[in-house]
Amino acid sequence: MREDLLKRIETNPQVMLGKPVIRGTRLTVEIILEKLSSGITPEEIQMEYLFIQADDIRACLLYTSYAADELLCVEL
């Protein structure tokens, strides 16, 4: 399941300067996280961006948790 979620996130230097995005879109993981952290619900995000699914939002969270874990391991 986790691997399937992570496949929803891609990085490409030609798209949004290589920032991680929801596959096939220009919607960055960063934007999704900012919206969630400001209190916007996943359902509200989906209403704003009709082309994404709930699993895309979950994939953003999972991707970020893995990235944070890697960052912590490098700093130690």
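This is a walk through the predicted model, from the overall fold to single contacts.

Residues are numbered from 1 along each chain as its sequence is written. Local features need pLDDT of at least 70, side-chain atom pairs count only at pLDDT 80 or more, and totals for chains, interfaces and linings use all residues, while side-chain values use heavy atoms, without hydrogens and water.

Start with the chain. It has four helices and two strands. Helices (H or I, at least four residues) and strands (E, at least two) are DSSP runs, numbered from the N terminus. Their order from that end is α-β-β-α-α-α. The radius of gyration is 13 Å, close to the 11 Å that the globule rule gives for 76 residues, so the chain is as compact as a globular protein of that length. That radius is taken over C-alpha atoms, and the rule is 2.2 Å times the number of residues to the power 0.38. The C-alpha trace spans about 40 × 30 × 25 Å along its principal axes. Of the contacts (heavy atoms within 4.5 Å) with a separation of 6 or more, 41% join residues 24 or more positions apart.

Next, the interior. Buried residues make up 25% of the 76 residues. Buried means under 20% relative accessible area, exposed over 50%, partly exposed in between (1.4 Å probe, protein chains only). A nonpolar core is a set of buried Ala, Val, Leu, Ile, Met, Phe, Trp, Tyr and Cys residues joined through side-chain atoms within 4.5 Å. The largest one has 13 residues. Those touching the most other members are Ile-9, Ile-22, Leu-27, Ile-32, Ile-45, Ile-52 and Cys-60. H2 and H4 are the elements that give two or more residues to this core. H4 provides the largest share, four residues.

Take Leu-27 from that list. It lies in the loop between strand S2 (21–22) and helix H2 (29–37). Its relative accessibility is 5%, so Leu-27 counts as buried. Beyond four places in sequence, Leu-27 touches Val-21, Ile-22, Ile-32, Tyr-49, Phe-51 and Ile-52. Leu-27 and Tyr-49 are 22 residues apart along the chain, and their C-alpha atoms are separated by 8.9 Å.

The structure holds one aromatic pair. The rings of Tyr-49 and Phe-51 have centres 6.0 Å apart and planes at 75 degrees, so the pair is edge-to-face. Rings of Phe, Tyr and Trp (its six-membered ring) pair if their centres lie within 6.5 Å; planes under 30 degrees apart count as stacked, over 60 as edge-to-face and the rest as tilted. Tyr-49 counts as buried because its relative accessibility is 17%.

Now H2 itself. Its buried residues are Val-29, Ile-32 and Lys-35. After H2 comes Gly-39, with a positive phi near 100 degrees.

Finish in helix H4 (residues 54–75), with Asp-56. Asp-56 is buried, because its relative accessible area is 6%. Its side chain makes a polar contact with that of Arg-8 (2.7 Å). A polar contact is a pair of N or O atoms within 3.5 Å; within protein, one must be able to donate a hydrogen and the other to accept it, and residues adjacent in sequence count only if both atoms are side-chain atoms. Beyond four places in sequence, Asp-56 is in contact with Arg-8, Ile-22 and Phe-51.
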